[in-house]
Amino acid sequence: MEEKVLEFLPFWSNLSINQKEKLIQGSRKVSYKAGDLIYSPAKDCLGMLFVQEGVLHTYLMSEDDRRVNIFRLRDGDVSILSMSCIFPTITFDVEIEAETDCQVLLLPTSVLASLRKENIYVENYMYKIITETFSSAIEVMKQFMFLTLEQRVATFLIDESVAQKTLEIKTTQEKLANTIGSAREAVARVLKQLAAKGIIKIHRGCISIEKKCELYHIIQ
């Protein structure tokens, strides 16, 4: 089963037979429950995470322990920040948490560090993932700097609607606030204003989008 998943990695076809065997033997499937802390600076250098099922949150940590969501990882996504110890250029701290029950294929740091030294295709892939990660972090900072809170809430609702493939967004106001790095009270006020305009409806554990075009209008 692990081999079929690994075959989707871009560098797989450029590995030798021995390198493929090393990766297969070293990889293992890990299950996490919703709310589990998968990785933090206090934990050991974990390895590359290949999400097979579920949703993971990656947070940027501030000095006063505030968390700002960088991105979500869903089925088929890969995270390399959980093995940032082998990349001296990564100097910021992150936490990775299971938002839902998850199935993850873990490729240990020791195995990938060895393959990285042996195979240029593995190294190139890792730096590609790092570049994409930095781009996501910069996008988050741009939202903080240039978007109003209403625009950030609207962006979240649109993105989640696309990701969940529904207009019924399963989330709480607290989760939404944590994701966009704002206070729950401030987010609640914005949601009430959107609801008063008929753009959304607020339910327990769910926000339904009534006028998606109006959300797009807000972020333009």
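Keep in mind that the model is predicted.

Let's start with the four-stranded sheet. It is an open sheet, and its strand order is β1-β8-β3-β6. The pairing is antiparallel. Now look at the edges. Strands β1, residues 28-32, and β6, residues 78-79, stand there. Each has a single partner strand, so one side of each is left without a neighbour in the sheet.

Next, the pair β3 and β8. Strand β3 covers residues 47-53, and strand β8 covers residues 102-108. How many bridges join β3 to β8? Six, and the two strands run antiparallel. Take one residue as a landmark. Leucine 49 has leucine 106 in β8 as its bridge partner.

What does the side chain of glutamate 99 join in a polar contact? The side chain of histidine 57, at 3.3 Å. Leave aside its neighbours within four places in sequence, and glutamate 99 is in contact with Ala34, Val55, Leu56, His57 and Arg72.

Now the helices. Helix α3, residues 109-118, lies across β3 and β8. Its angle to β8 is about 50°.

Then comes helix α4, residues 120-146. Let's check its length. It has 27 residues, and at 1.5 Å a residue these should span 39 Å. The end C-alpha atoms are 39 Å apart, which agrees. At the start of α4, look at asparagine 119. One of its side-chain oxygens reaches to within 2.8 Å of the backbone nitrogen of tyrosine 121.

Which residues of α4 are buried? They are Val122, Tyr125, Met126, Ile129, Ile130, Thr133, Ala137 and Val140. Look at the spacing of those numbers. An α-helix has 3.6 residues a turn, so residues three or four places apart point the same way. What covers the buried residues of α4 includes β3, β5 (67-73), β6 and α3.

On to a helix pair. Helix α5 is residues 149-164, and helix α6 is residues 173-180. They pack at an angle of about 110°, with axes 11 Å apart. That makes α5 roughly perpendicular to α6. Where do they meet? From α5 come Leu149, Arg152, Val153, Phe156 and Leu157. From α6 come Leu176, Thr179 and Ile180.

Last, the three-stranded sheet. This one is open too, with the order β9-β11-β10 and antiparallel pairing. Strands β9, residues 168-170, and β10 stand at the edges. Each has a single partner, so one side of each is left without a neighbour in the sheet. Neighbouring strands here are turned by 20° against each other on average, direction ignored.

Within this sheet, β10 and β11 form a hairpin with two residues between them. Glycine 205 sits in the turn, with a positive phi of about 75°. Four bridges join β10, residues 200-203, to β11, residues 206-209. Lysine 201 stands opposite serine 208. Histidine 203 stands opposite cysteine 206. Finally, helix α7, residues 184-196, lies across β10 and β11, running at about 125° to β10.

Key:
Residues numbered from 1 in each chain as written. Predicted model: local features only at pLDDT ≥ 70, side-chain atom pairs only at ≥ 80, totals over all residues. Heavy atoms only, no water. Pairing = 2+ DSSP bridges. Contact = heavy atoms within 4.5 Å. Axes fitted to C-alpha atoms, helices over the stretch in contact; angles between N-to-C directions. Expected span 1.5 Å × (residues − 1). Buried < 20%, exposed > 50% of the residue type's maximum accessible area, 1.4 Å probe, protein only. Polar contact = N/O pair within 3.5 Å; in protein donor to acceptor, adjacent residues only side chain to side chain. Parallel < 35°, antiparallel > 145°, perpendicular 65-115°, else oblique.
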